[in-house]
Amino acid sequence: MRRRGALFWLQLAFTLLVCAFLIAPVVLSILAGITNNYLIGLRSGLTLRWVFEVWEGYRDTVFRSIGIALACLAATLALGVPAAYVLARCRSRLGRAIEELLVMPVAIPGLATALALIVAYGGVSGLRTSWGFILIGHVLFCLPFMVRSVLAVLGAIDLRTLEEGAASLGAGFWSRFVTIVLPNGRSGILAGSLMVVTLSMGEFNMTWLLHTPLTKTLPVGLADAYASLRLEVGSAYTLVFFMMIVPLLIGLQWLGQPRRQAYARPEGER
Amino acid sequence: MLLPAGIFFTAFFLLPMARLFVIGGSGKMGWTAYAAIVTNGQYLRSLLSTLAVAAATTAATLVISGVAGIFLQRHRFPGSSVLVSLLTLPLAFPGVVIGFMVIMLAGRQGLIGDLARALTGETLVFAYSMAGLFMGYVYFSIPRVILTIMAAAEKLDPHLEEAARSLGASPWQVVRDVIIPGLTPAFLSSGAICFATAVGAFGTAFTLATRINVLPLTIYTEFTLSANIAMAATLSFVLGAITWAVLALARTAAGASVAAAG
């Protein structure tokens, strides 16, 4: 191993500093969530009191967020996978234009999208007060991630040849979709699904405008807690959120490693 | 098969956006409301400070992520993959949580305040101001920019650097003449995403303080406190147009330079 120069250590120190900047507040907030009195510090002792308090007061937001995330996943799968398939089959100017259009809800701030939804559908009373209204916003925002993720995988394989082969053996459209497209797109569908659940669970900008007092989601509850409750409770609530979101993020990182992705779909090779 | 997505998208995005545009022009000011963002002093100030904090965020994030990303791509050492994981962990933290992270660092009971007190005897609190907002935006931009830069740095041809070095280029010259030009498309596209996100972000500013004067908060105030829906619609339409234009421009620019390089 060659000796590393001063430049290496300087860069390493810098990178570690950046890492500390990102991770220190996460660790601090976890500690604050299980400390009796954060102002005094860890000396005041550890407790699960704040976590229980959050669970008592905000349990419904946890379940609602999970429910919306799963519904959003189902909707983005149903809408996004077929759309990605079509876009993968026709890589034309029109296809790219449609893709551009579908991605717009990500390019435009959630605040604007939410306002647009409110001015258009806010008057529909049954919809405005239900969590379906939030779901619509989440699906709009998450759909591009599903489409892009599946498209990235399907675009890399020669779907046309595979399908022609199957068709010449007498496979109908539906059986080709189920036996060729879905298995080949598996890794993209999985990555897209994880992404959708993660994003839906954490979506705030749109949800803050779309929610009603009876349809609070977890991030909405977090904003409430940060604004009005003591730091320990806000931290404990954040801890609950981290416990839900961090496994998803680690799953995403794991999927994102190209080595494993290649390993996960040996049959996807041409 | 594109139809379900198409119907959903038209009904819940295109039509509402068109409605938002019409409502924006239906207020007291009529269609001139769309000019208010530059003619009205308050909105103009809000727009300028939004653009300023976004530009500062982009510059700081590109430098920080550029140094760390290239470093991590070039050097493998025990623990380097853990570092990458940690640096990209906050990737999908929502704005509100980022705001809370800033409070943990620079708030009234924050780490930076404690450190400053230990060093100078005075507590340093800046979470609830523009500086805090800037810190929050840098915080949530670092993970995504690092990912893009690492992916781009992986594709850089190491032979070019070796050639430059063997011709006697100093490390700084290698960075300036080989690495930075090679990474320009990645810098452009991730910088644009960073800028657009900072312009449109709402949760972080909302958590830190509602008196920080940035456009998304101005829109929110118009909508809730002043019940001025027309103005909120106008401003958010303009905001959306800005972020979309920035992203589209950067895509074109990055695409062109990729083509030029190829």
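A helix in this tour is a DSSP run of H or I of at least four residues, a strand is a run of E of at least two, and both are numbered from the N terminus. Residues are numbered from 1 along each chain as its sequence is written, and chains are lettered from A, with ligands numbered from 1, in the order in which they are written. The model is predicted, so that local features need pLDDT of at least 70 and side-chain atom pairs count only at pLDDT 80 or more, while totals for chains, interfaces and linings use all residues.

**Stop 1: chain A as a whole**

Where pLDDT is low, the predicted coordinates should not be read in detail.

In cartoon view, chain A shows 13 helices and zero strands, and its C-alpha trace spans about 75 × 70 × 30 Å along the principal axes. Of its 270 residues, 44% are buried, a residue being buried if 20 or more other C-beta atoms, placed from the backbone, lie within 10 Å of its own, exposed if 12 or fewer, and partly exposed in between. Among contacts of chain A with a separation of 6 or more, 77% join residues 24 or more positions apart.

**Stop 2**

Select residues 6–33 of chain A, which form helix α1, with 28 residues and a reach of 40 Å from first C-alpha to last, close to the 40 Å expected at 1.5 Å a residue; the expected span is 1.5 Å times one less than the number of residues. Look next at Ile23(A), where α1(A) bends by about 35° and is followed within four residues by a proline, Pro25(A). The bend at a residue is the angle between axes fitted to the seven residues ending there and the seven starting there.

Show side chains on the buried residues of α1(A), which include Thr15(A), Val18(A), Leu22(A) and Pro25(A). The buried residues of this helix pack against α2 and α12 of chain A, together with α3, α4, α5 and α7 of chain B.

Moving on to α2(A), you will find 41 residues that reach 55 Å between the end C-alpha atoms, close to the 60 Å expected, and a bend of about 70° at Tyr58(A).

**Stop 3**

Select Leu101(A), which is placed in helix α3 (residues 93–107) of chain A. Leu101(A) is partly exposed because 15 other C-beta atoms lie within 10 Å. Its C-alpha is 12 Å from that of Leu140(A), 39 residues apart in sequence.

Now select Phe145(A), in helix α6 of chain A; this residue counts as buried because 21 C-beta neighbours lie inside 10 Å. Residues up to four places away in sequence aside, Phe145(A) touches Gly192(A), Met195(A), Val196(A) and Leu199(A). The C-alpha atoms of Phe145(A) and Thr76(A), 69 residues apart along the chain, are separated by 9.0 Å.

**Stop 4: chain B and its first helix**

Switch to chain B, which has twelve helices and zero strands and whose C-alpha trace spans about 70 × 60 × 40 Å along its principal axes. Of its 262 residues, 47% count as buried.

Zoom in on α1(B), whose end C-alpha atoms are 30 Å apart, in agreement with the 32 Å that its 22 residues should span at 1.5 Å a residue. This helix bends by about 40° at Thr10(B), and its buried residues include Phe9(B), Phe12(B), Phe13(B) and Leu20(B).

**Stop 5: where the chains meet**

Display both chains and select the contacting residues: 63 of chain B are in contact with 57 of chain A. On the chain B side, helix α1 (residues 3–24) gives the most, with twelve residues. That side divides into 51 nonpolar, eleven polar and one charged residue, where Ala, Val, Leu, Ile, Met, Phe, Trp, Tyr, Cys and Pro count as nonpolar, Asp, Glu, Lys and Arg as charged, and the others, Gly among them, as polar.

**Stop 6: the largest nonpolar core**

A nonpolar core is a set of buried Ala, Val, Leu, Ile, Met, Phe, Trp, Tyr and Cys residues joined through C-beta atoms within 7 Å. The largest has 159 residues, of which Ala84(A), Leu115(A) and Val102(B) touch the most other members. Helix α6 (residues 131–155) of chain A gives the most to this core, with 17 residues.

Finish at Leu115(A), which, leaving aside neighbours within four places in sequence, is in contact with Leu209(A), Leu20(B), Phe223(B), Ala232(B), Ala233(B) and Ser236(B).

Notes
Contact = placed C-beta atoms within 7 Å.
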